[in-house]
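Please read the following note with the model open beside you, taking the points in order.

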Amino acid sequence: MFLSDAHVHKKYKVKQIQGDKLVRIMEMGLTPGSICEVIRRAPMGYPMEIKIRGYLLSLRKKETDAVEVSPI
Amino acid sequence: MSNQTINAQKEILRQPSTIALVGNPNTGKSTIFNALTGLRQKIANYPGITVERKMGTTIINGVLHKIIDLPGAYSLNHKKADERITYETLIGSYDHEEKPDLLLMVVDASNLERNLFLASQVMDLQIPMLMVLTMSDIADERGIRIQSQQLSNVWGVPVISINARSKKCDVQIKQALFEQGVATPKPFKWNPSKLLRQAVDRLDREWLSEHTQLPERARPIEALRLLAEGSLEDSFYQYSEEEKAKKLIEELQNTLEAQGENPTAVEVVQRYSFIGDSSEGSVTKEQRDEQTWTDRLDNVLTHRVAGPVIFVLVLLVMFQSIFSWATPFMDMIDMLFIEFGAFVGSSLPAGLLNSLLVDGIIAGFGGVVIFLPQIIFLFLFIYFLEGSGYMARAAFVMDGFMTKVGLHGRSVVPLMSGFACAIPGIMATRTIENWRDRLITIMILPFMACSARLPVYAVMISAFVPDKRIIGFLTLQGLVFFGLYLFGIVMAVGSAAVMKRIFPTGKPTPFLMELPSYKWPNISSVVIQSLERGKIFVTEAGKIIVAISIILWVLASFPTYEPTANDLADMDANRQISEQMLSTLQLNQSYAGTFGQWIEPAIEPLGFDWKIGIGLLTSFAAREVMVGTLNTIYSIEETEEQLGLIERLRGEIDPETGLPKYTLATALSLMIFFAIAMQCMSTLAIVKRETNSWKWPLIMFGYMTVLAYFSAWITYEWANTFLLG
């Protein structure tokens, strides 16, 4: 599954990042194996706010579509 | 023990040196810069791009040092223009920045892993540094304890922990530099795998060392970048024998892949994995279940319903305050310049020089200074909200709405500022990180109906729109007024949608916005930065504005009008009126007057005559000047002003038809024209500064004038057919 299908308040393990934005997304700490928690969604559904490596990061739909995760 | 692992250097600061601040955005880097330099700063664009160079000086132990605040970066893989400058400066290959002698590596203690990612890249470049940990109070609240000594041992550089929001953070840093000194980090502290290390070495040895001018210390990191990118396309170096390099990179990538490593990801993965492992000794995390301040505030401020409502309230308070605080200052500045002009005018002999000084130069400077209160007050709010962490939340909450119209969550505050004045609004777009989003926001911002349009609307509406009640308190005049504001917004949204399609996207940059922890910002840093914005406006846009003011003065003053015998006879009879008439005659036969006559055929379809044509030229100084020009053209005395002008406009008769010359159609057409035409030199001057090129202000002037022309034409035809026909 992808981060875009993830549920608020649930934790996920990052499996891999796809597409051409891979490096940038990983540089922000979303490396394979890292754990992220979905905190909330903005009023229109996106951006999505997640907690990763102890800080808060927001991603638009396109970016969440590139992050493959598995629920834990 | 620390002196064994760290080879500290203290002598380096006995010589004047260049110290660069490096770090992630939102780490307190700017606060440290402001504390170290105070108002001894110089901010200007780097040549050819829109990234700002922040330079200042500070004295450490009696020696004057240069401080550079390098653009905040998440990585040295230079995806964006500002990160690229940081990278190029650090490797010593950027022509427009000095090579730093030592670094202050700013690291957010509450967000250690991601901050150390950049730090580990910077350390590979082997520049002497001191690591400065900030935000330890926020880390404390989260139960994170960092052993500075342990961290220092792991990375081999001295580490200090400071509170960037305390007043004395500059003293703490100076003391640490003096006592602990700096140390040159060793490369590859992050233990890359043998395979990766071999690939880097081969690329360095077999190609980079011979075919680039990069210093030796910068080659491994460039090799890592090339391995990840897999191509030389993005490179800014002049490489020779690119074919050889491409073949070599491909071969190395294949080797990595054969061993199960993704060449694009391998560097990032290994750095993070080392950071994670190594922090076990230096960081202790207490599991705390209670919510932090940030969590509690976010539950309200980014709430689906409450979030947008609170944001609107914040905007309301913000603009109401700016309005009520700035107005008295603006009135005072206005009065001071008028008084000063009058004083100079009366103490020098009448004549051209007098007029140049008073109407050209002093009025021009006044036209610059008048913007300062709005700019400074707006930026006090912006820097306060930015420093507190709220701006990122506002962008988060609004982004969904704004992307629907092709903009960015961060476009909202600048666009709203545009309703007061486009200039501070355009300066405020600097908070939008993505260049394309920022450019589009700048390009549509002047459509927001600024306060300078009000006098023109007021005269035209009260002269030609019937004061008819429609429903309840709603009058036709009010409706037209509202319609003009709405029209501006519709044009802005439409233009943004078109620009989104035609502007080149370049490399897609992902939207990854950090939501920093809430904190009370350092107030002196907020004040310093706001004053710096004012300084930038006066020094960079100000000179363009004064220059154009003088040109406009020349156009209205030359050729000079020689009073005829008749005029002089009139003057004897009634001095007051004749003086008014003389300025009318002067303006009518000046270059501005000639210009009005010359463009009359072009503006006739819009319902404008040559008199309005003169106003279109002179109001380029500022939109409200239109009213003053019409006053002069119609020889309106100062005492009667607005009412007198309204009467004159209504009474103007077309000599050919014998009917009133200006009608409701003319008024609507003129207001529509003013709603969207780029009739403001100060806006163009600030666009030039913020985009660092004349290209964008010229495109702005062009497309807005064309849009204004056709909109006014359609309005005039429509009004003539349906309202008056």
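1. Two strands are said to pair if DSSP finds at least two bridges between them, and helices (H or I, at least four residues) and strands (E, at least two) are DSSP runs, numbered from the N terminus. With that in mind, look at strand E5 (residues 63-69) of chain B, which is joined to E4(B) by seven bridges, the two strands running antiparallel. Within this pair, B:Ile59 has B:Leu64 of E5(B) as its bridge partner, and the hairpin that E4(B) and E5(B) form has two residues between the strands, with B:Asn61 in the turn showing a positive phi of about 55°.

2. A word on the basis of the model: it is predicted, so that local features need pLDDT of at least 70 and side-chain atom pairs count only at pLDDT 80 or more, while totals for chains, interfaces and linings use all residues. Residues are numbered from 1 along each chain as its sequence is written, and chains are lettered from A and ligands numbered from 1 in the order in which they are written.

3. Strand E4 (residues 52-60) of chain B also pairs with strand E3 (residues 41-45) of chain B, in the antiparallel sense and over five bridges. Here B:Gln41 stands opposite B:Gly56, and the hairpin of E3(B) and E4(B) has six residues between its strands, B:Gly48 in the turn having a positive phi of about 80°.

4. Turning to the two chains, 29 residues of chain A are in contact with 30 residues of chain B, where contact means that the C-beta atoms, placed from the backbone, lie within 7 Å. The largest share of chain A's side, six residues, comes from H1(A). By class, that side has 15 nonpolar, five polar and nine charged residues; Ala, Val, Leu, Ile, Met, Phe, Trp, Tyr, Cys and Pro count as nonpolar, Asp, Glu, Lys and Arg as charged, and the others, Gly among them, as polar.

5. Finally, chain B is divided into domain 1 (2-183), domain 2 (194-285), domain 3 (291-448) and domain 4 (540-723), with bounds that come from an automatic or database domain assignment. The C-alpha centres of domain 1 and domain 4 of chain B lie 54 Å apart.
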